[in-house]
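Here is a quick walk through one protein chain, taken a piece at a time. Keep the sequence and the 3D view open as you read.

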Amino acid sequence: MFQNVFSTEGRIRRTEFALSILIHVAAVFFTVFLFALTKIDFFIVIAVVVWLAGIIFRVIQGAKRCHDIGVSGWFQFIPFFVIAMIFVDSNRGSNRYGDNPKGIGNYYTIDEIGKKNY
């Protein structure tokens, strides 16, 4: 989980996608909370930087999640499509974006060569 987080290649599961949303929200909340608590202007700059880095992180993770359900990463910008990204199950087996991260349906007959079937 959370391998190559800044690469759009591959597929991720629903759990990793949901955790990436929670991490982004928690990081922004924490920095804004620090600003509200201390009233130091430096924390608002940190909050903006964390927010921008989090947006990039979430868009990349969203593209991977879209790949997991078999659509282009651009679909994540459709309003309310994030609901489908959270609740729709992965494509079974491989698709053009890679193997199923759950391992379900990733069966290749080439792997059976040399195995005994008694």
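## Ground rules

This is a predicted model, where local features need pLDDT of at least 70, side-chain atom pairs count only at pLDDT 80 or more, and totals for chains, interfaces and linings use all residues. Residues are numbered from 1 along each chain as its sequence is written, and side-chain values use heavy atoms, with hydrogens and water left out.

## The overall fold

The chain has three helices and zero strands, giving the pattern α-α-α along the sequence. Both kinds of element are DSSP runs numbered from the N terminus: helices are H or I with at least four residues, strands are E with at least two.

Of the 118 residues in the chain, 29% are buried. Here buried means under 20% relative accessible area, exposed means over 50%, and partly exposed is in between (1.4 Å probe, protein chains only). Now for contacts, meaning heavy atoms within 4.5 Å: among those between residues at least 6 apart in sequence, 54% join residues at least 24 apart.

Val5 and Ile60 are 55 residues apart in sequence, yet their C-alpha atoms are 7.4 Å apart in space. Leaving out residues up to four places away in sequence, Val5 touches Phe57, Ile60, Gln61 and Lys64.

## Two pockets

Rolling a probe the size of a water molecule over the atoms shows where empty space is left. On a 1 Å grid over the protein atoms alone, a cavity is a set of points where a 1.4 Å probe fits but cannot get out, while a pocket is an open set with protein on both sides within 12 Å along at least five of seven lines; lining residues have an atom within 4 Å of a point. Grid points are joined across faces, edges and corners, and a volume is the space filled by probe spheres set on the points.

The largest pocket has a volume of about 250 Å³, and its lining includes Met1, Phe2, Lys64 and Pro101. That lining divides into four nonpolar, three polar and five charged residues. Ala, Val, Leu, Ile, Met, Phe, Trp, Tyr, Cys and Pro count as nonpolar, Asp, Glu, Lys and Arg as charged, and the others, Gly among them, as polar.

The second largest pocket comes to about 210 Å³, with seven nonpolar, two polar and one charged residue in its lining. Among the lining residues are Phe17, Ile55, Phe77 and Met85. Helix H1 (14-38), H2 and helix H3 (81-87) each give two or more residues to this lining, and H2 gives the largest share, four residues.

## A buried arginine

Is Arg65 buried or exposed? Arg65 counts as buried, because its relative accessibility is 0%. Arg65 lies in helix H2 (residues 41-68). Not counting residues up to four places away in sequence, Arg65 touches several others, including Ile12, Phe17, Met85 and Asp89.

The side chains of Arg65 and Asp68 are joined by a polar contact of 2.5 Å. Such a contact is a pair of N or O atoms within 3.5 Å; within protein, one must be able to donate a hydrogen and the other to accept it, and residues adjacent in sequence count only if both atoms are side-chain atoms.

## Two loop residues

Lys39 sits in the loop between H1 and H2, and its phi is near 60°, a positive value in a residue other than glycine. Phe80, in the loop between H2 and H3, also isn't a glycine and has a positive phi of about 70°. Lys39 is exposed, at 63% relative accessible area, and Phe80 is exposed too, at 69%.
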